[in-house]
Amino acid sequence: MKNGTNYLTARYAALMALYWAAFCAVMSFFVTFLLWLGFSSTSAGLVVALGNVGGVALQPLAAGWAARRRH
């Protein structure tokens, strides 16, 4: 059983590494795009931070709505 657990742990670690690599790439692009549009570094950081806080706040609402749907 231990080998199976190690295999799943390695797969989970690889999945998390890919997730965070994609997240960092998207956030880097987004901040660079905001800077290119003329936002200051502070404004770009605030936009990204508020977007992330909004996502954290809206995620439970979206999950509850999806759980109530019949499809």
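I looked up Phe-33 and found it partly exposed, because its relative accessibility is 35% (buried is under 20% relative accessible area, exposed over 50%, partly exposed in between, with a 1.4 Å probe and protein chains only). The model is predicted: local features need pLDDT of at least 70, side-chain atom pairs count only at pLDDT 80 or more, and totals for chains, interfaces and linings use all residues. Residues are numbered from 1 along each chain as its sequence is written, and side-chain values use heavy atoms, with hydrogens and water left out.

I next noted Trp-36, which is exposed at a relative accessible area of 66%. Phe-33 and Trp-36 both lie in helix α1, three residues apart, about one turn of the helix (helices are DSSP runs of H or I with at least four residues, numbered from the N terminus).

I then turned to the aromatic pairs, of which the structure holds five. Trp-20 and Phe-23 form one that is edge-to-face, at 5.3 Å centre to centre and 80° between the planes (rings of Phe, Tyr and Trp, the last by its six-membered ring, pair if their centres lie within 6.5 Å; planes under 30 degrees apart count as stacked, over 60 as edge-to-face and the rest as tilted). Both residues lie in α1, which covers residues 2–36. Trp-20 is partly exposed at 45%, and Phe-23 is partly exposed at 30%. Phe-33 and Trp-36 form a stacked pair, 5.9 Å centre to centre with 25° between the planes.

I also recorded that Tyr-19, Trp-20 and Phe-23 form one aromatic cluster.

Conventions:
Helices (H or I, at least four residues) and strands (E, at least two) are DSSP runs, numbered from the N terminus.
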